[in-house]
Structure formats: structure tokens, C-alpha cells
Amino acid sequence: MNPIYPLFAFAIGVVVPLQAAINNQLKGVLGNSTLLAALVSFSVGSLCLGGLAVATGQKWQDLAQLGRVEWWMLLGGAMGAMFVFGTTLLAPRLGVAAMLSLVIAGQVCVSLLFDRFGWLAMPLREVNLPRLLGAALVVGGVLLVNFGDRWFGRA
């Protein structure tokens, strides 16, 4: 595996709480509208991706193939919009750490199912005891992040 991939994944993780906080500030300027803040954020992201496509010489004519895709293949964009909207809505209500701990736990748990069953043509990967224990530790971390102060008192 290329060593840059795990570093890039970590960098994405670093950016997510920053994105939620920035979008929350944007929401305040836009009349406290979570929906408008998410729309602006997604629009800027689309412009950035368009610029990168131009800069890297992507073949725009390949977009003519969109008529051949199954309807469900377009849901990724809707899911991305839900993520941006959801994090903008939830970060100030739950707190960034609590929100992201729940997001990460959901990702880890469902990702194990994708690995085990190869859904949507993803490569099969073994789901063994160490990986299940890792997922359990993530869930335990979520519980501590969200309820630890109630269980152990506030320090």
C-alpha cells in the first residue's frame, strides 16, 4: 500500500471537525440557515472539484455517459449533501467530538459489513476477532465521549 494513503485518510479526518465548525460559522452569517450553509459549502466544493478536473485534464466528454448510470449510483452526491448538512446541524447541538465519534462509529460498523460481504463490488476483506475488537473499542470510545462525564463525574 502506498504510504501516502493512510496519511491522506488521517488528513481528511483532521479536516472534518474543521469543516463542521467553519460551516457553523457560515450558518450564522446566512441567517442561521443550516440548509443555506450546506448549499454554499457544497457549491464551493463543486467549484473546487471542477477546477481540479480542468487542472488535471479530465475528459469532460466522459460525462456524456451519465445517461447510462443506474439511478442509485447518483445517491453518493445526496449522501455527501446529507453529511455536510448533518454535520452543520449537529456540531453545535451535540458538540464536535460527540458528533464525530458517532459518525466514526457508524462508519466503522458499516464498513466491516462492506468488507465481509463485498457490497457494491467492494473487495472482500476478512472480518476477524481483532477487527471486531477494534470496532468494539470504537463503540466504547463513543460511549465514553458521549456519556463519560455522567458516569465518572465532571473533572
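**Exercise 1. Find which residues Val-16 touches, leaving out residues up to four places away in sequence.**

Solution. Start with the rule: a contact means heavy atoms within 4.5 Å. Now go through the neighbours of Val-16, and you end up with Phe-83 and Leu-100. Keep in mind that you're working on a predicted model, where local features need pLDDT of at least 70, side-chain atom pairs count only at pLDDT 80 or more, and totals for chains, interfaces and linings use all residues. Residues are numbered from 1 along each chain as its sequence is written, and side-chain values use heavy atoms, with hydrogens and water left out.

**Exercise 2. Work out which residues form the largest nonpolar core, and which elements give two or more residues to this core.**

Solution. First, the terms. A nonpolar core is a set of buried Ala, Val, Leu, Ile, Met, Phe, Trp, Tyr and Cys residues joined through side-chain atoms within 4.5 Å. Buried means under 20% relative accessible area, exposed means over 50%, and partly exposed is in between (1.4 Å probe, protein chains only). Next, the members: Val-16, Ala-20, Ala-91, Met-99 and Leu-100 make up the five-residue core. Last, the elements: α1 (4-29) and α4 (96-117) each give two or more residues to this core.

**Exercise 3. Decide whether Thr-87 is buried or exposed, and list its contacts beyond four places in sequence.**

Solution. Locate Thr-87 first: it sits in helix α3 (residues 75-94). Its relative accessibility is 2%, so Thr-87 counts as buried. For the contacts, skip residues up to four places away, and Thr-87 touches Ala-20, Pro-92 and Met-99. Ala-20 and Met-99 also belong to the largest nonpolar core.

**Exercise 4. Classify Gly-141 by its accessibility, and say how far Gly-141 is from Gly-13.**

Solution. Gly-141 is part of helix α5 (residues 129-152). Its relative accessibility is 26%, so Gly-141 counts as partly exposed. From C-alpha to C-alpha, Gly-141 and Gly-13 are 16 Å apart in space, while 128 residues separate them in sequence.

How values were computed. Helices (H or I, at least four residues) and strands (E, at least two) are DSSP runs, numbered from the N terminus.
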